[in-house]
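This report describes the fold and surface of one protein chain. The sequence and structure are shown below.

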Amino acid sequence: MEASGPAQVGVAQIAARLDRLPVSRWHWKLTFLVGAAAFFDIYEIFLGGVLGGVLGQEWHLARAVKAALIAAPFVGMIVGAIFLGAASDRLGRRRMFMVNLGVYSVLSLATAFSPNITVLIALRLLCGVFMGAELILIDTYLSEFMPRLARGRMIAVAYVIGFFGTPVVALLGGFFVARSHLLWEGWRWLLVIGSLGALVVFVLRRGLPESARWLVEHGRAAEADRVVAEVEETVRAQRGTLPPVRVADPLPVRRVKLADMFRPPYRKRTVMLWLFQLLQTVGQYGFSSLVPVVLLAKGYDIVDSLGYTALTFIGAPVGAAIAVPLVERFERKYLIIGSGLVTAAAGLLFGTATAPALIVSMGLIITMANNVLSGAYHIYQAELFPTQVRSTAIGIAYSLSRLSAAILPFAGLALLASFGPMGVFVGSAALLVLMCVIVGTLGPRSNGQSLETIADDGDSRSASVRPARESTALHADVRE
């Protein structure tokens with residue numbers, strides 16, 4: 001069933017008003033507040049590898065228990081990505097931002113008081129549930145507010161902030177693991193730090209506006225108009241006179257259902273994203289969550305292992321920063337392919353390395369390439385589907401990455417025991433190459449286009465941009 005008339009003009013008008021704004025301090029502030037929460041999502045993910053390395057020795061954990069500890073938050077993220085991602089399509093982006101981060105902060109603090117491994121694993125799983133939709137919401141929310149020509153760059157900047165969580169958790173792990181602090185085991189302080197930091201961001205986020213695109217799609221055009229008018233006034237005060245609004249020729253909008261993701265024109269990109277998410281975790285989280293354990297297998301003690309891990313993890317924010325100028329200069333899908341191939345090649349060298357210098361240098365290349373890939377795909381996946389189902393569609397796909405990430409510690413530790421570090425990285429390289437082939441074959445182009453154009457064009461006309469006409473009324477045609 002198709003909607004047309006004033007409702008559709010409202011959607012086009014809201015999109016055009018947001019897309020034509022120059023990047024301002026308001027956009028940078030929004031990016032910082034959203035990216036700060038990515039820090040704690042990524043902190044939580046990579047904390048698993050540190051806890052697995054530390055508690056594996058301190059509590060003499062069996063291999064299966066150690067794998068369960070590393071995998072627990074990923075299992076929770078499967079649930080969170082599917083159900084809380086869908087909730088943001090129904091209840092709003094801002095509301096779920098606040099729910100997710102607030103509950104996570106409380107649960108992370110409770111986890112610090114875990115009396116045994118069973119309670120620790122259970123609470124880590126629950127933390128994962130409420131972090132599971134966080135990166136999905138970041139991608140969705142920023143893509144719906146940022147101007148189309150700066151969308152990729154601004155989302156990439158958010159992940160530069162987020163990926164500082166990777167070296168921070170490794171550095172803190174190396175600092176706290178050596179001894180107890182304030183009469184408490186050091187690993188517990190890692191959880192307290194994550195909880196209190198997330199609480200600070202929760203407080204700072206209270207002033208975030210709801211997504212105007214989400215509001216107008218849900219019949220709340222007057223609210224969407226007020227949100228955009230406030231943004232325009234702020235940007236005008238910061239940047240001066242605004243460009244005229246250029247509204248694209250009205251396009252018919254179907255009431256999109258989740259089932260439409262499996263029909264043309266979205267079926268091919270859905271299949272591509274599902275397969276991509278199953279495979280990308282091999283490089284992104286397989287390496288990072290297992291590297292402390294791999295280094296222990298290479299004969300390094302726990303302090304040296306965490307020290308080398310921290311050095312390699314410095315490449316995470318560096319790689320995310322490298323992605324910032326690249327995501328608008330190169331087509332997103334090709335940037336994903338290139339960085340995936342670099343990760344595969346460097347992983348093979350890491351698997352054979354024994355000298356500390358080679359271990360650290362290959363680890364740096366892996367983490368940098370991983371985070372160029374991450375910066376590109378977080379933008380890319382948010383561009384592929386209509387606003388009505390954006391969070392749900394990418395949430396389901398993203399849950400598959402959490403499923404494979406949950407399986408990886410078990411498979412990776414089994415490979416490590418049977419074939420050593422090289423076996424882990426040969427398998428990883430093969431899967432990453434397959435991922436690149438799938439993206440290259442099935443992925444559409446998306447750079448420089450409005451979200452509405454990408455969604456409308458489907459797979460057949462993704463490189464084209466519809467002609468636009470200028471509108472002199474900044475606030476007209478936004479009421480249903």
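Accessible areas are computed by the Shrake-Rupley method with a 1.4 Å probe, and for residues only the protein chains shown count as cover. On this basis the chain exposes about 17,300 Å², with carbon and sulfur atoms supplying 67% of that area. The model is predicted: local features need pLDDT of at least 70, side-chain atom pairs count only at pLDDT 80 or more, and totals for chains, interfaces and linings use all residues. Residues are numbered from 1 along each chain as its sequence is written, and side-chain values use heavy atoms, with hydrogens and water left out.

The chain has 18 helices and four strands, taken as DSSP runs (helices H or I, at least four residues; strands E, at least two) numbered from the N terminus. Of contacts (heavy atoms within 4.5 Å) between residues at least 6 apart in sequence, 85% join residues at least 24 apart.

Of the 480 residues, 62% are buried. Buried means under 20% relative accessible area, exposed over 50%, and partly exposed in between (1.4 Å probe, protein chains only).

| Residue | Relative accessible area | Class |
|---|---|---|
| Cys127 | 1% | buried |
| Cys436 | 6% | buried |
| Val271 | 38% | partly exposed |

The count of disulfides (cysteine sulfur atoms within 2.5 Å) is zero.

Helices H12 (267-297) and H17 (390-442) each supply at least two patch residues; the largest share, three residues, comes from H12.
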